[in-house]
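Open the model in your viewer and keep the selection panel at hand. The tour goes stop by stop.

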Amino acid sequence: MRFPLSSSPRQHASRREIFGWAMFDFANQAYTLLIITVVFGELFTTVIVGERGDSYRWANFLWSLALALSYLLVVVTAPLCGAVMDYRAEKKRFLLISYLATVAATAMLYFVTPGYVVVGMVLIVVSNYAYSMGESFIAAFLPELGPPESLGKISGFGWALGYIGGLFAAGFTLIALGEATADNFERIRWVGPFAAGFFLIAAIPTFLWLKERGLAQPPGRSYRAIAQARIRTTLHELRYFKDLTTFLVSLLFSMAGVYIIIAFAFIYGAQVINWDESVRNIMFIIVQLTAAAGALGFGWIQDRWGAKKTYQLTLALWVAAILAIWATPELTAWLNRLLATHLQAQHVFLVVGCLAGLSLGSSQSASRALVGLFSPLEKSAEFFGFWGLANKLAGVFGIVLLGVLQTLVGLQASILLCAALFITAMVICMRVNQARGCLAAKQWEPH
C-alpha cells in the first residue's frame with residue numbers, strides 16, 4: 001500500500017522557537033540528574049532506606065521498583081495521550097500539565113526523611129511518571145522544527161543544552177547542598193525543592209515561544225473515544241511503517257541499558273568504586289560535558305552519515321563503556337602491577353566516565369531524531385507516544401531485571417547485563433532501512 005504524497009513540507013522553525021523547545025531539555029535535566037541519577041537515588045538507598053546488612057541490595061531493589069512502576073504507567077498511557085494530542089492539537093497543553101505535576105511532586109521530596117520509604121517511593125513514582133510523559137510530549141514537537149536533513153542537529157542541540165542545564169544544576173548542588181549522607185541530611189534534603197524550582201523557571205521560554213501547529217479536529221468526542229479509535233488505526237497502519245516498528249524494538253533493548261546506567265551509575269560509584277565526595281563531584285562535571293559534546297558532535301555526524309549508522313556507532317561505544325565500568329577495579333589493579341603505580345579505582349573510573357558520558361548524549365540524541373524522521377507530521381505526538389512507550393517499557397524491563405539480578409550476584413557483576421542489551425539492540429537495528437522509513441513518513445496522508 002502506498003500513501004498519497006503528503007502536502008505538509010517540513011520547514012525550519014525560527015531560531016527563537018527552536019531555542020524555546022531546547023530549553024525544556026535544559027530545564028528538565030535538573031530532575032534527571034539530581035533526582036534520578038545522582039543525588040536523591042543515592043540518598044534514598046543509603047539514607048532513607050539504609051544498609052540492612054545486605055550491601056544495600058534491598059534498598060537498590062526498592063529504588064528499581066519505584067522507577068519501574070513509574071515507567072509502567074507511561075507504557076500504559078503515553079500512546080493514548082499522543083493520540084489525543086494529535087487529534088485535538090493539544091501537545092502544548094499536555095506538556096504544561098506534565099511539567100506542573102513534575103514540579104509539585106519533586107518539591108515534596110523535601111518531606112521524605114529516613115524511614116519514610118513508602119512516601120519516598122510514591123513521590124518518585126508520581127514525579128518520574130510526570131517527567132517521563134513530558135519527555136515524550138516535548139519530543140513530539142521535533143518533526144515540526146525542521147526538514148529531515150536538520151533533525152539530527154536540532155535534536156543534538158536540545159540534548160546538549162540539556163546537559164549544560166544539568167551542569168548548572170549540579171554546580172549549585174555541589175556548592176550549596178553538599179553530599180548525600182545522613183550527617184548532611186538537613187541540607188541535602190533541599191535537593192527536591194531546588195530541582196523543582198530550576199525546572200519551573202528554566203522551562204518558561206518553552207511555553208512562551210513553542211508553537212502549537214496542529215489543527216484540532218471537530219469537538220464532541222471524549223478523550224477516551226479519540227484515543228481508542230486512533231490507536232486502533234495506528235496499530236493497523238504500523239505494518240506500513242515497518243522500519244519505525246523495527247527500530248522501536250531495537251530501542252527497547254538499548255534504552256533498557258541506558259535507564260540502568262541513569263538509575264545506578266552513581267549508586268555504583270558509591271557502593272562498588274567507593275569514591276570520595278570530591279571524585280563524585282568531578283564525575284558530575286565530566287558526564288555533563290562529555291554528554292553535551294556527544295549530543296552535538298554526533299548530531300552533526302548524523303546529518304552526514306545517516307541516523308541509523310550513527311545510532312549503531314553509539315551502541316558500540318556503549319558496549320565499550322559498560323565493559324570498562326565492570327572492569328574498573330580489576331583494570332586499576334592491573335595498571336598498578338604493570339606500571340608500578342598507586343592508582344585508585346575511583347580515579348580510573350573518571351576516565352571511564354568520559355566514555356559513558358559521550359555514549360549517553362549521542363545515543364539519546366540519535367534515537368530521538370530517527371523517530372522524528374520516521375514520523376508523519378500529523379501523527380508526530382502519537383508516534384512519539386509509542387517512542388515513549390518503548391523507552392519506558394525498556395525502563396521497566398531493564399531496571400527490574402537489574403534490581404533482581406544484583407540481589408543475586410551483586411551490583412558489579414550485574415552491570416554486564418547492559419552490554420548484552422546494547423549488543424541485542426545493534427543486531428535488531430541491522431534490519432532498519434532509513435531511506436524506506438523516511439519515504440513511508442513522507443507518503444503518508446491523513447484519511
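Is S380 buried or exposed? S380 is buried, because its relative accessible area is 0% (buried means under 20% relative accessible area, exposed over 50%, partly exposed in between, with a 1.4 Å probe and protein chains only).

Before moving on, note that this is a predicted model, in which local features need pLDDT of at least 70 and side-chain atom pairs count only at pLDDT 80 or more, while totals for chains, interfaces and linings use all residues. Residues are numbered from 1 along each chain as its sequence is written, and side-chain values use heavy atoms, with hydrogens and water left out.

**Stop one: S380**

Stay on S380. It is found in helix α15, residues 380-409 (helices are DSSP runs of H or I, at least four residues, and strands are runs of E, at least two, numbered from the N terminus). Now show its contacts, which means heavy atoms within 4.5 Å. Setting aside residues up to four places away in sequence, S380 touches D86, K91, A140, P143, E144 and S375. S380 and L402 are 22 residues apart in sequence, and their C-alpha atoms are 32 Å apart in space.

K91 was among the contacts of S380. Select F141 with it. The charged end of K91 sits over the ring of F141, 5.2 Å from the ring centre (a charge sits over a ring if NZ of Lys or CZ of Arg is within 6 Å of the ring centre and within 35 degrees of the ring normal). F141 is in the loop between α5 and α6 (151-177). Why does F141 count as buried? Because its relative accessibility is 1%. Not counting residues up to four places away in sequence, F141 touches W21, K91, K92, L95, L210, K211 and E212. Pick E212 from that list. F141 and E212 are 71 residues apart along the chain, yet their C-alpha atoms are separated by 8.5 Å.

For another charge over a ring, select R189 and Y110. R189 lies over the face of Y110, at 4.1 Å from the ring centre.

Select S70, in helix α3. S70 counts as buried because its relative accessibility is 0%. Leaving aside neighbours within four places in sequence, S70 is in contact with I124, V125, N128 and Y129.

Now show α3 and helix α5 (residues 117-139) together. They pack at an angle of about 35°, with their axes 8 Å apart (axes are lines fitted to C-alpha atoms, for helices over the stretch in contact, and angles run from 0 to 180 degrees between N-to-C directions).

**Stop four: aromatic rings**

How many aromatic pairs does a search of the whole structure find? It finds 25 (rings of Phe, Tyr and Trp, the last by its six-membered ring, pair if their centres lie within 6.5 Å; planes under 30 degrees apart count as stacked, over 60 as edge-to-face and the rest as tilted). Select F40 and W63. This pair is tilted: 6.3 Å centre to centre, with 50° between the planes. F40 is in helix α2 (residues 39-49) and W63 in helix α3 (residues 57-88), 23 residues apart. Both F40 and W63 are buried. Next, select F26, F168, F172, F194 and F198, which form one aromatic cluster.

**Stop five: α12 against α14**

Show helix α12 (residues 277-305) and helix α14 (residues 345-373). They pack at an angle of about 35°, with their axes 7 Å apart. Their crossing is right-handed. The residues of this contact divide into 14 nonpolar, 10 polar and no charged.

**Stop six: two loops**

Select N274, in the loop between α11 and α12. It has a positive phi of about 60° although it is not a glycine. N274 counts as exposed because its relative accessibility is 52%.

Finish at A340, in the loop between α13 (307-339) and α14. A340, also not a glycine, has a positive phi of about 55°. Its relative accessible area is 65%, so A340 is exposed.

Technical notes: Left-handed = near helix turned anticlockwise from the far one by under 90°. Nonpolar A, V, L, I, M, F, W, Y, C, P; charged D, E, K, R; others polar.
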